[in-house]
Amino acid sequence: MTRDSESVPDEELLADGGETAAEGADEVALDPWGSSTVSDYRKLFEEFGIEEFEEVLPEVPNPHYLMRRGVIFGHRDYRPVAEAMREDEPWAVLSGFMPTGDPHIGHKLVFDEIIWHQQQGGEAYGLIADLEAHSARGLTWDEIDEHSRDYLLSLLALGFDAEEGELYRQSDNRQLQDLAFELGIEANYSELQAIYGFDGETDVSHMQSVVTQMADILYPQLDEPKPTVIPVGPDQDPHIRLARDLATRMRFFKVSEAYASFEANDAERALLASAYETLVDLAEGETIRCVHAAQFLAHGADAVDFEADRPSVKVPDIDEKARASAVKKLQSAGMEPFRPRTRFFDRKATDEGFEALIDAIEGEKRVYEGHIDAFDLDREEAEALAREVEVDQGGYGFVMPSSIYHRFMTGLTGGKMSSSVPASHISLLDDPEDGYDKVKSATTGGRQSAEEQRELGGEADKCPVYELYAYLLAGDDDEFAKEVYDECVGGERLCGGCKEQAAELMKEFLEEHQEKREEAAELLDELDIDLDSDRKQV
Ligand code: TRP
Ligand code: SF4
């Protein structure tokens, strides 16, 4: 989730809203506790490999309005989640909140994301990152108790179903801490240093809060492996990447594709795959051997010495270095048959686990030291089998967690939304009249004068008030959001009236939300969650 800053007053809470370009901030830094700003969302795709949400959108049943409006702009590996949703297979959603201040309209995005996923059939989890707030932000346990309550009340008031889903505090969850301990064995200090910029001054508990978050992310899979989506702001992406790595490192077996007994890297494997594709056609039923593949990759189709006539096929020229090394490996494998297969590497299985996998593989297989080649299983079947055997053998069998990323909201005063600047954000606990006033005094994308506005239209794309409509006030009503946009850019809408309408809606939203919070108080009391920690105040 977004950073918060009660105890670090100068830090900004939220970065700018994309197109509304924060001046001078063209460096993309993704730092969960720092002052990362995102001036250009495209860089997140190019530099960090986050994928565009738009591309998976058609695969999502009844997408949420935040998805439809591009507020949720990116993802990692959301496909398996969407697929489980469609196929009615088990899957989960989880996000966490540092209880460092009041929950505000930025957090509401994440609350809504969790709730929507829950309504689509996901197992839902909401957690209070109190260990993180205590170690990384220095909040006292009294402060943490109070804020935790506020976060949970808003989450419940917005519709989280606590009977179906699970809410927990990191500090109070023994299973979580045990998992964190195990995951910590797979990560070392240099790695945390490289990812988070930790140094010799970083306290050990801060590091522990990182492995705790890793455990949060994998927690929904403790009962059984399942696709899990973590909705967060892009500042949390380093955590997501590390969690995906650790999930992989915990696995007993690694599955890959191969064509002969030797090992190949990804670039070489791509060449081998294309060689195979061409050679099956050329071979016309004859055994394809490694030498043939070597000849093909080195000199082209004409050089391959099968009996049959052959058309000339162009050798793919991807990567010269990979080609040279692949040819070398193929040559030394010589007359060994060149055949596609799936390969299981033994990563951390016991001898017994490795044996169990050998037994479980059906059809033709070849067992080597440390790996097994299977000839009658495709990649997907092999992955499923590896996971099944791992779980049978008492392992976790984690599926790599997925994530979705939402845009940061622009502050009402322009620039960043910051919890140290109350006028820049609206707290879910703000007095509705104050919420009204804050919207009324917000910066807009309006022109100098009404005449100019009528002539040129307003700049809705640069307007924090328009964002309020799109992210919150228009709710599920796309037509309304579009109407505001079109009227604005078409010059029919003037800022005074537009803000008045938004301010009214904000006031109504806050009134209603706060009523629901009161009703939720009873619900919260019934839940098994301790909001009165008996920890010493340190
Ligand atoms: N680190 C997150 C924040 O800064 C909070 C958090 C803890 C979290 N565990 C999580 C977020 C797991 C998503 C998933 O607010
Ligand atoms: Fe923003 Fe509304 Fe003014 Fe358009 S009319 S610039 S949306 S306040």
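Biologist: By class, what does the shell around ligand 2 have?

Modeller: Keep in mind that this is a predicted model. The shell around ligand 2 has 7 nonpolar, 4 polar and 1 charged residues.

Biologist: Which residues are around ligand 2?

Modeller: They are Thr-444, Gly-445, Gly-446, Gln-453, Cys-463, Val-465, Tyr-466, Cys-488, Arg-493, Leu-494, Cys-495 and Cys-498.

Biologist: You mentioned H21. Where does Glu-519 sit, and is it buried or exposed?

Modeller: Glu-519 is in helix H21. Its relative accessible area is 57%, so Glu-519 counts as exposed.

Biologist: How far is Glu-519 from Leu-153, in sequence and in space?

Modeller: In sequence, Glu-519 and Leu-153 are 366 residues apart. In space, their C-alpha atoms are 9.0 Å apart.

Biologist: Okay, let me zoom out. How many helices and strands does the protein have?

Modeller: There are 21 helices and 11 strands. The C-alpha trace spans about 85 × 60 × 45 Å along its principal axes.

Biologist: And how many of the residues count as buried?

Modeller: Of the 538 residues in the protein, 54% count as buried. On contacts, if you take those with a separation of 6 or more, residues 24 or more positions apart account for 75% of them.

Biologist: What does the domain assignment give?

Modeller: The assignment gives domain 1 (41-250 + 399-406), domain 2 (254-392) and domain 3 (422-518). The contact between domain 1 and domain 2 takes 6 residues from domain 1 and 5 residues from domain 2.

Biologist: What separates the centres of domain 1 and domain 2?

Modeller: Taken over C-alpha atoms, the centres of domain 1 and domain 2 are 37 Å apart.

Biologist: Switching to single residues. Where is Gln-170?

Modeller: Look in the loop between strand S5 (166-169) and helix H8 (174-184). Gln-170 is buried, because its relative accessible area is 1% and the cut-off for buried is under 20%.

Biologist: Which residues is Gln-170 in contact with?

Modeller: Leaving aside neighbours within four places in sequence, Gln-170 is in contact with Leu-127, Ile-128, Ala-129, Asp-130, Leu-131, Glu-132, Leu-176, Gln-177, Thr-212, Gln-213 and Asp-216.

Biologist: Then there's Ser-135. Where is its place, and what does it touch?

Modeller: Ser-135 is in helix H6 (residues 130-136). Not counting residues up to four places away in sequence, Ser-135 touches Asp-203, Ser-205, His-206 and Ser-209.

Biologist: Is Ser-135 buried or exposed?

Modeller: Ser-135 is buried, with a relative accessible area of 18%. Gly-96, in strand S3 (residues 92-97), also counts as buried, at 18% relative accessibility.

Biologist: How far apart are Gly-96 and Val-110?

Modeller: Gly-96 and Val-110 are 14 residues apart along the chain, and 9.0 Å separate their C-alpha atoms.

Biologist: Is Asp-88 buried or exposed?

Modeller: Exposed: the relative accessible area of Asp-88 is 70%.

Biologist: Last one. Where is Ala-384, and why does it count as partly exposed?

Modeller: Ala-384 is in helix H16 (residues 379-392). Ala-384 counts as partly exposed because its relative accessible area is 43%, and partly exposed covers what falls between the 20% cut-off for buried and the 50% cut-off for exposed. Also, Ala-384 and Val-255 are 129 residues apart in sequence, with 9.9 Å from C-alpha to C-alpha.

Definitions and conventions. Residues numbered from 1 in each chain as written. Chains lettered and ligands numbered in written order. Predicted model: local features only at pLDDT ≥ 70, side-chain atom pairs only at ≥ 80, totals over all residues. Heavy atoms only, no water. Near = heavy atom within 4 Å. Nonpolar A, V, L, I, M, F, W, Y, C, P; charged D, E, K, R; others polar. Helix = DSSP H or I, 4+ residues; strand = E, 2+ residues; numbered from the N terminus. Buried < 20%, exposed > 50% of the residue type's maximum accessible area, 1.4 Å probe, protein only. Domains from an automatic or database assignment. Contact = heavy atoms within 4.5 Å.
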